[in-house]
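Please read these notes with the structure open beside them. The points are numbered so that each can be checked in turn.

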Amino acid sequence: MDTKAAVLWKTHSPWEIEEITLDDPGPGEVTVELAASGLCHSDEHLVTGDMRMPDDMQELLGFPQYPIIGGHEGAGTVVEVGPGVTSLAVGDNVALSFIPSCGRCPSCSTGKQSLCDLGQFLIVGRQIAGLTARHHLAKDGTDIGIMCCLGTFAPHTVVNEASCIKLEDDIPTDKAALVGCGVTTGWGTSVYRAQVQPGETVVIVGIGGIGINAIQGAVMCGARHIVAVDPVQFKRDSALQFGATHAVSDLEEAFALVGEITWGAMAEKAIITTGVAEGSMIASVMALVSKGGRCVVTSVADIAATEVTLSLFELTLMQKELVGGIFGGANARRDIPRLMRLYKEGKLKLDELVTTEYKLEDVNQGYQDMRDGKNLRGLIRY
Ligand SMILES: NC(=O)c1ccc[n+]([C@@H]2O[C@H](COP(=O)([O-])OP(=O)(O)OC[C@H]3O[C@@H](n4cnc5c(N)ncnc54)[C@H](O)[C@@H]3O)[C@@H](O)[C@H]2O)c1
Ligand SMILES: [Zn+2]
Ligand SMILES: [Zn+2]
């Protein structure tokens with residue numbers, strides 16, 4: 001099949017729209033016609049180089065990470081199934097989960113699908129089956145990688161059935177695109193990784209596509225105070241509309257406010273959802289957290305960064321916790337259908353998440369708007 005896609009040829013360069021040839025789906029794979037793709041910050045890490053695999057790893061794999069088709073937040077309809085596909089048929093609507101769930105690895109089989117062993121393929125850029133490519137440059141056949149085994153910056157893609165979450169027929173696929181990453185990651189960060197409890201105080205640092213959904217999760221958990229931190233006024237206003245009780249512009253202000261509203265006890269939970277995880281901010285965020293409290297890092301850092309500021313004294317004596325989180329610790333096969341039902345019943349906001357819609361050709365404008373703090377979420381509609 002001939003299609004087009006937004007391809008990144010190297011770091012620090014714009015996305016280029018290229019003519020692409022798609023192979024037929026191989027064993028266990030399907031071709032999906034996408035309705036929409038969200039513009040998540042994680043694809044920006046390919047641009048800045050935060051997510052660039054070290055050279056020796058690329059050499060070991062035997063192929064380069066770039067060129068790569070971006071996008072890992074999509075949904076659409078299955079238009080072709082490969083040999084041996086048993087869980088999907090042509091015409092099925094699916095959300096594409098950025099983390100595959102095989103259902104049978106030690107993590108999947110113990111209810112931790114966000115840690116599926118197939119996650120090892122996320123930044124490799126090839127199909128799970130044999131690390132082969134189905135996406136090629138039309139003009140010369142060059143193999144092209146795909147972000148998170150998906151490559152949703154294209155009207156069509158070929159993916160493994162492990163990445164597909166079947167949707168009920170009445171679920172709108174353009175809305176379901178958002179749960180493939182941002183909504184589930186943010187919501188799950190509050191629900192599963194922070195385990196927010198009724199009456200708790202939660203601080204959410206960074207109100208983009210992930211942080212705004214961490215607010216939705218904290219509201220559902222019954223948090224008493226939800227303090228949003230973001231330097232951008234539009235983000236702070238949006239946070240209040242989504243259920244935050246307070247909004248401040250930096251960590252210093254957050255420290256003073258949280259001290260005041262908790263009578264010095266500080267917040268039970270803090271969540272980091274800034275555009276990039278910076279080790280230098282950890283000590284300041286941990287200072288917002290109470291005795292026995294927990295800080296969850298959901299933002300992605302530079303792959304090579306290892307330095308962190310942290311008071312180990314407080315970590316020990318105040319028994320604080322610092323944890324990470326991928327896909328909010330959610331189980332795609334349980335939580336994606338569940339979140340879409342909550343949306344249908346008016347209990348989860350999805351329509352309000354999309355600030356601006358773009359054509360695929362405008363993907364660079366979409367990312368500029370994200371950098372400029374103009375979007376809660378940008379969405380490419382096909
Ligand atoms: N762990 C996972 O599974 C997972 C999944 C998806 C995305 N992510 C990561 O989550 C992060 C957020 O993604 P997004 O799509 O919401 O990004 P985004 O760019 O939409 O939002 C980031 C927000 O952080 C704010 N911000 C930046 N620096 C700040 C600071 N010092 N203090 C307070 N706010 C600050 C920005 O103003 C912006 O509103 C990214 O690093 C992304 O890669 C992780
Ligand atoms: Zn994402
Ligand atoms: Zn698995």
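1. Helix α1 (residues 41-48) and helix α11 (residues 363-371) have axes that come within 11 Å and cross at roughly 100°. This makes α1 roughly perpendicular to α11. His41, Asp43 and Glu44 of α1 touch Tyr367, Met370 and Arg371 of α11. By class, the residues of this contact are two nonpolar, one polar and three charged.

2. Some terms and conventions apply here. The model is predicted: local features need pLDDT of at least 70, side-chain atom pairs count only at pLDDT 80 or more, and totals for chains, interfaces and linings use all residues. Residues are numbered from 1 along each chain as its sequence is written, chains are lettered from A and ligands numbered from 1 in the order in which they are written, and side-chain values use heavy atoms, with hydrogens and water left out. Helices (H or I, at least four residues) and strands (E, at least two) are DSSP runs numbered from the N terminus. Axes are lines fitted to C-alpha atoms, for helices over the stretch in contact, with angles from 0 to 180 degrees between N-to-C directions. Roughly perpendicular means 65 to 115 degrees, and contact means heavy atoms within 4.5 Å. Ala, Val, Leu, Ile, Met, Phe, Trp, Tyr, Cys and Pro count as nonpolar, Asp, Glu, Lys and Arg as charged, and the others, Gly among them, as polar.

3. Val183, Thr184, Trp187 and Tyr192 in α4 meet Asp335, Ile336, Arg338 and Leu339 in α10. Five nonpolar, one polar and two charged residues make up this contact.

4. Which residues coordinate the zinc ion (ligand 2)? They are Cys40 (SG), His72 (NE2) and Cys181 (SG), at 2.0 to 2.3 Å. Donors are N, O and S atoms within 2.8 Å of the metal (3.2 Å for Na, K and Ca); water is not among the atoms, so the site may look incomplete. The donor spacing in sequence is C-x31-H-x108-C. Histidine 72 is in the loop between β4 (68-69) and β5 (74-81) and cysteine 181 in the loop between α3 (173-176) and α4 (182-193), so the pair ties together parts 109 residues apart in sequence.

5. Two backbone details deserve a check. Tyrosine 66 and proline 67 are joined by a cis peptide bond, with omega about 0°; proline 67 lies in the loop between α2 (55-61) and β4. Methionine 266 is not a glycine, yet has a positive phi of about 75°.

Methods
Angles under 35 degrees count as roughly parallel, over 145 as roughly antiparallel, 65 to 115 as roughly perpendicular and the rest as oblique.
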